[in-house]
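Please look over the sequence and the structure shown here before reading on. The report that follows moves from the chain as a whole to a few individual residues.

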Amino acid sequence: MRILKKEIWPAKILIPKDESDGYHYHIEIWLGENMGAFKGRWNQVACSKGVHYYFRNRKDATMFALRWS
């Protein structure tokens, strides 16, 4: 499993795998609309448990967690 550098991506949130079709697709659309392009303010890494979403800013991570966790 790939782990991103904590100095660059200090906040990480795991969203478990969801059996419903397209769940993470909707998350990524929301991220693009609210936080900009992939690898700008946010990043993601898939793992066996789900997807880790990483954020450069802890406030962005909090907003994400309130919406999707």
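This is a predicted model: local features need pLDDT of at least 70, side-chain atom pairs count only at pLDDT 80 or more; totals for chains, interfaces and linings use all residues.

Along its principal axes, the C-alpha trace of the protein chain spans about 35 × 25 × 20 Å. How does the radius of gyration of the protein chain compare with that of a compact globule? For 69 residues a compact globule would have a value near 11 Å, and the protein chain has 11 Å, so the two agree.

Of the 69 residues of the protein chain, 35% count as buried. The accessible surface of the protein chain amounts to about 4600 Å², and carbon and sulfur atoms contribute 53% of that area. Among the contacts in the protein chain with a separation of 6 or more, 65% are between residues 24 or more positions apart.

A search of the whole structure turns up one salt bridge. In general, side chains of opposite charge can pair when their charged atoms come close. The salt bridge is formed by R41 and D60, whose closest N and O atoms are 2.7 Å apart. This pair links distant parts of the chain, since R41 sits in the loop between helix 1 (23-35) and strand 2 (42-47), whereas D60 belongs to helix 2 (residues 58-68), 19 residues apart. Are the two partners buried or exposed? R41 is partly exposed, with a relative accessible area of 36%, while D60 is buried, because its relative accessible area of 8% is under 20%.

H52 counts as buried because its relative accessible area, 10%, is under 20%. Leaving aside residues up to four places away in sequence, H52 touches M1, K12, I13, L14, N43, Q44, V45 and C47. Of these contacts, N43, Q44, V45 and C47 fall within strand 2 (42-47).

The table gathers the accessibility of the residues discussed above.

| Residue | Relative accessible area | Class |
|---|---|---|
| R41 | 36% | partly exposed |
| D60 | 8% | buried |
| H52 | 10% | buried |

Terms used:
Residues are numbered from 1 along each chain as its sequence is written. Side-chain values use heavy atoms; hydrogens and water are left out. The radius of gyration is taken over C-alpha atoms; the globule rule is 2.2 Å times the number of residues to the power 0.38. Buried means under 20% relative accessible area, exposed over 50%, partly exposed in between (1.4 Å probe, protein chains only). Contact means heavy atoms within 4.5 Å. Accessible areas come from the Shrake-Rupley method with a 1.4 Å probe; for residues, only the protein chains shown count as cover. A salt bridge is a side-chain nitrogen of Lys or Arg within 4 Å of a carboxyl oxygen of Asp or Glu. Helices (H or I, at least four residues) and strands (E, at least two) are DSSP runs, numbered from the N terminus.
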